[in-house]
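I opened the notebook to record what I looked up in this structure, entry by entry. The sequence and the model come first, and my notes follow.

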Amino acid sequence: MREILNIQKQLLPDLLDTMKERYTILHHIMVSGVVGRRTLAGSLNMTERVLRSEVEFLKAQGLLEIEAAGMRISEAGRQLLESIEPMVKELFGLNELSERIRKHFGLKQVIIVPGDSDTSPHTKKELGRAGAAVLRKYVSKDEVIAVTGGSTMAEVAYHLSSSTSLKGSWFVPARGGLGESVDFQANTIASTMAKKTGASYRLLHVPDQLGEDAYQSLMQDTTITEIIEFIRKARIVIHGMGEAMVMARRRKVDDATIASLQHEGALAEAFGYYFDRRGKIIHKMPTVGLRIDDIQEMDCVIGVAGGKSKGEAIVSVLSFGHEDILVTDEAAAIEMVQMLPS
């Protein structure tokens, strides 16, 4: 396939550019569900006149359906996107990126979606869709699946749907999370995932961060400890990764701790742990939920994070060495590869 694409690049470069453009249009519409032409033109940074011409072509090919509310991908269009996905990854150069990252960190699989989640809401949606697909692929019946909070995990939840393999499973929050926006709390995301898939869920109603006295008090509560023990039965965890300083400020960490994190070179946060460039844990927040020992013993750890700004943070978390699967985007992957030894 690569040889054919290289020949096409030399002899028919315009053909590949057109293919990329039409694929991107179809893909945006598929992820959006139903979208108006003006909205789509803005998302793609394309004039309405150029988009109208492409839409008319795709409609004539039976790949799009036009409704009063906007454009929707047809079943033929959906099947086409699925069939050409391997070619598109080669076309965008994503296979080479993913293989280099996979080998360097010893991962089972690396999935890279085109674009930059920092600047494109569509790319973030696609990141969520890819994360949901990976979860469906690796889950077995009657699993306990732990999930973290965050906007990326919310996108993963949105793209899940009813699944036979998930109906007997339980979704649980990986940690307490009453400090975040309600929509992005681990509790909310766990319950959403369960409802979308027909699974069950249990919640952990404790603050995201605790003082030592409050932590010790909560651990005396039999209801809390019973839920925590259930959460620690999880064999799969799907989680986001954050930039250390962004997450510290979002969680309202005190100034002294932020100064310490900066001094120690914290780059990333996951599960309440802060990591430096080499993947060393340099700080742990007193949170209730999964411990790093629990995560290291799991059958499948899936990290989902993207955006150019998170490239360094993802490398930091992967360097710790507990991930199995990475789902990221093109911009983050390029940043990551630039940090790796040649």
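I began with two helices, and I found that α3 passes α4 in a right-handed crossing, a crossing being right-handed if the near helix is turned clockwise from the far one by less than a right angle, and left-handed if anticlockwise. The residues that make this contact are Arg 37, Arg 38, Leu 40 and Ala 41 of α3 with Glu 48, Leu 51 and Arg 52 of α4, where contact means heavy atoms within 4.5 Å. Helix α3 covers residues 37–44 and helix α4 residues 48–60, and they pack at an angle of about 110° with their axes 10 Å apart; helices here are DSSP runs (H or I, at least four residues), strands are runs of E of at least two, and both are numbered from the N terminus. The axes are lines fitted to C-alpha atoms, for helices over the stretch in contact, and the angles run from 0 to 180 degrees between N-to-C directions. That angle makes α3 roughly perpendicular to α4, since 65 to 115 degrees counts as roughly perpendicular, under 35 as roughly parallel, over 145 as roughly antiparallel and the rest as oblique.

Before going on, I noted that this is a predicted model, in which local features need pLDDT of at least 70 and side-chain atom pairs count only at pLDDT 80 or more, while totals for chains, interfaces and linings use all residues. Residues are numbered from 1 along each chain as its sequence is written, and side-chain values use heavy atoms, with hydrogens and water left out.

Next I looked up the record: an unreviewed UniProt entry annotates residues 19–88 as "domain: CggR N-terminal DNA binding", and such annotations, given with shortened feature names in the numbering used here, may be inferred rather than shown by experiment. Over residues 19–88 the chain is 70% helix and 11% strand, with the end C-alpha atoms 9 Å apart.

I then turned to α15 and asked how many of its 10 residues are buried. The count is 7, so α15 is largely enclosed by the rest of the structure; buried means under 20% relative accessible area, exposed over 50%, and partly exposed in between, with a 1.4 Å probe and protein chains only. The buried residues include Gly 311, Ile 314 and Leu 318, and their cover includes α6, β13 and α16.

The axes of α15 and α16 (residues 330–339) come within 8 Å and cross at roughly 60°. That makes α15 oblique to α16. Their contact is made by residues including Ile 314 and Val 315 of α15 and Met 336 and Met 339 of α16.

After α15 comes Gly 321, whose phi is positive, near 95°. His 322 lies in the loop between α15 (311–320) and β13 (325–329), and at 5% relative accessibility it counts as buried. Its side chain makes a polar contact with the side chain of Glu 323 at 2.9 Å; this term means a pair of N or O atoms within 3.5 Å, and within protein one must be able to donate a hydrogen and the other to accept it, while residues adjacent in sequence count only if both atoms are side-chain atoms.

In strand β13 I looked up Thr 328, which counts as buried at 0% relative accessibility. Beyond four places in sequence, Thr 328 touches residues including Ile 111, Ile 314 and Ala 333.

Last, I checked His 104 in helix α6 (residues 94–105), which is partly exposed at 41% relative accessible area.
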